[in-house]
Amino acid sequence: EDFDFDADPGCKLLVSAVEKWHDHDNGRIKIDAGLHAEYTSNHQLWEALSAYAAEQGLRIQMHLAETAEEVADCEERTGLTQAELLSAHGLFNIPATAAGCVALSDTDRKILGKKGVSAVATPISDGKAGRPGTPISACVKAGMNVALGTDGAVECGNLDMFEVMRQTAFNARISGGDASH
């Protein structure tokens, strides 16, 4: 069955927000398109959303490779990693931000680096969930920009970006075995 972008409630909400707010106040307000993750959506949505975002000059946001299990599940279903699959459907042909990026392979990071995808590391949320954090140095070496985030108040426990920065520094010291970082 074909995906009807104009009939989808989430897409209707996006179109309404873009029409009302994108580039509002002399460009100070920007709207991004978004989808939760590869495993909670489908290729019809990805293609329609990326086409709409390109047409409107929007960025796109998503969660990507937050756990090794979700990446393995995608590979089992499709024969591709999440990064390869979403790239094949055009999601990274527009500026993109991917939260998580914990379980990316070196090849995935290179794909995303070439496409200019920004990773969002969420160290407190990852720690709370008992999973490893985003390998920031590996992402940067592959050409990715890396930002920091909370992943939301529920996942992080608060929205304190200073706490996120402090945890990121601690994680770098632990993983590098060097307290001078």
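Trainee: Where is the place of Phe162?

Mentor: Phe162 sits in helix α10. Keep in mind that this is a predicted model, and that the values we discuss are computed from it.

Trainee: Is Phe162 buried or exposed?

Mentor: The general idea is to look at the relative accessible area: under 20% is called buried, over 50% exposed, and anything in between partly exposed. Phe162 has a relative accessible area of 61%, so it counts as exposed.

Trainee: Which residues make a nonpolar surface patch of about 300 Å²?

Mentor: Phe162 is one of them, and the others are Met161 and Met165. Click on these three in the structure to see the patch of about 300 Å² that they make.

Trainee: Let me try the cut-offs on other residues. Is Val117 buried or exposed?

Mentor: Val117 has 0% relative accessibility, so it is buried. This residue is in a loop, the one that runs between α6 (106-115) and β4 (118-121). Now take Val71, which belongs to helix α4. With a relative accessible area of 7%, Val71 is buried because it falls under the 20% limit. Gly10 is a case in between: it is placed in helix α1 (residues 9-21), and its 47% relative accessible area makes it partly exposed.

Trainee: How do I read a distance in sequence against a distance in space?

Mentor: Count along the chain, then compare with the C-alpha separation. Gly10 and Gly34 are 24 residues apart along the chain, and their C-alpha atoms are separated by 9.8 Å. Val117 and Gly152 are 35 residues apart in sequence, with 21 Å from C-alpha to C-alpha. For Val71 and Thr168 the figures are 97 residues along the chain and 24 Å between the C-alpha atoms.

Trainee: Which side chain meets that of Glu38 in a salt bridge?

Mentor: That of Arg77, with 2.1 Å from N to O. Glu38 is in the loop between β1 (33-37) and α3 (43-56), and Arg77 is in helix α4 (residues 68-78), so this pair ties together parts that lie 39 residues apart in sequence. Glu38 has 4% relative accessibility and therefore counts as buried.

Trainee: What separates Arg109 and Asp106 in helix α6?

Mentor: About one helical turn, because the two are three residues apart in that helix. Their side chains meet in a salt bridge of 2.5 Å, N to O. Arg109 is buried, at a relative accessible area of 8%.

Trainee: Which residue forms a salt bridge with Arg131?

Mentor: Asp126 does, and the closest N and O atoms of the pair are 2.8 Å apart. Salt bridges with shared partners also join Glu66, Asp126 and Arg131 into one network. Within the pair, Arg131 is partly exposed at 22% relative accessibility, whereas Asp126 is buried at 2%.

Trainee: What should I check in the backbone angles?

Mentor: Look for a positive phi in a residue other than glycine. Asn26 is such a case, with phi near 55°. Asn26 is in helix α2 (residues 24-27), and at 79% relative accessibility it counts as exposed. Asp151 is another, with phi near 75°. Asp151 is placed in the loop between β5 (145-148) and α9 (153-156), and it is partly exposed, with 23% relative accessible area.

Trainee: Last topic: pockets. How is empty space found?

Mentor: A probe the size of a water molecule is rolled over the atoms, which shows where empty space is left. Here the largest pocket has a volume of about 390 Å³.

Trainee: How many residues line the largest pocket, and which lie nearest its centre?

Mentor: The lining has 17 residues, and those nearest the centre are Thr134, Ile136, Asn171, Ala172 and Ser175. By class, the lining has seven nonpolar, eight polar and two charged residues.

Trainee: Which helix gives the most to the lining of the largest pocket?

Mentor: Helix α10, with five residues. α7 (123-128), α8 (136-141) and α10 (161-176) each supply at least two residues of that lining.

Methods: Residues are numbered from 1 along each chain as its sequence is written. This is a predicted model: local features need pLDDT of at least 70, side-chain atom pairs count only at pLDDT 80 or more; totals for chains, interfaces and linings use all residues. Side-chain values use heavy atoms; hydrogens and water are left out. On a 1 Å grid over the protein atoms alone, a cavity is a set of points where a 1.4 Å probe fits but cannot get out, and a pocket is an open set with protein on both sides within 12 Å along at least five of seven lines; lining residues have an atom within 4 Å of a point. Grid points are joined across faces, edges and corners, and a volume is the space filled by probe spheres set on the points. Helices (H or I, at least four residues) and strands (E, at least two) are DSSP runs, numbered from the N terminus. Ala, Val, Leu, Ile, Met, Phe, Trp, Tyr, Cys and Pro count as nonpolar, Asp, Glu, Lys and Arg as charged, and the others, Gly among them, as polar. Patches are made of residues with over 30% relative accessible area and no salt bridge: like charges are joined within 9 Å, nonpolar side chains (Val, Leu, Ile, Met, Phe, Trp, Tyr) within 5 Å. Accessible areas come from the Shrake-Rupley method with a 1.4 Å probe; for residues, only the protein chains shown count as cover. A salt bridge is a side-chain nitrogen of Lys or Arg within 4 Å of a carboxyl oxygen of Asp or Glu. Buried means under 20% relative accessible area, exposed over 50%, partly exposed in between (1.4 Å probe, protein chains only).
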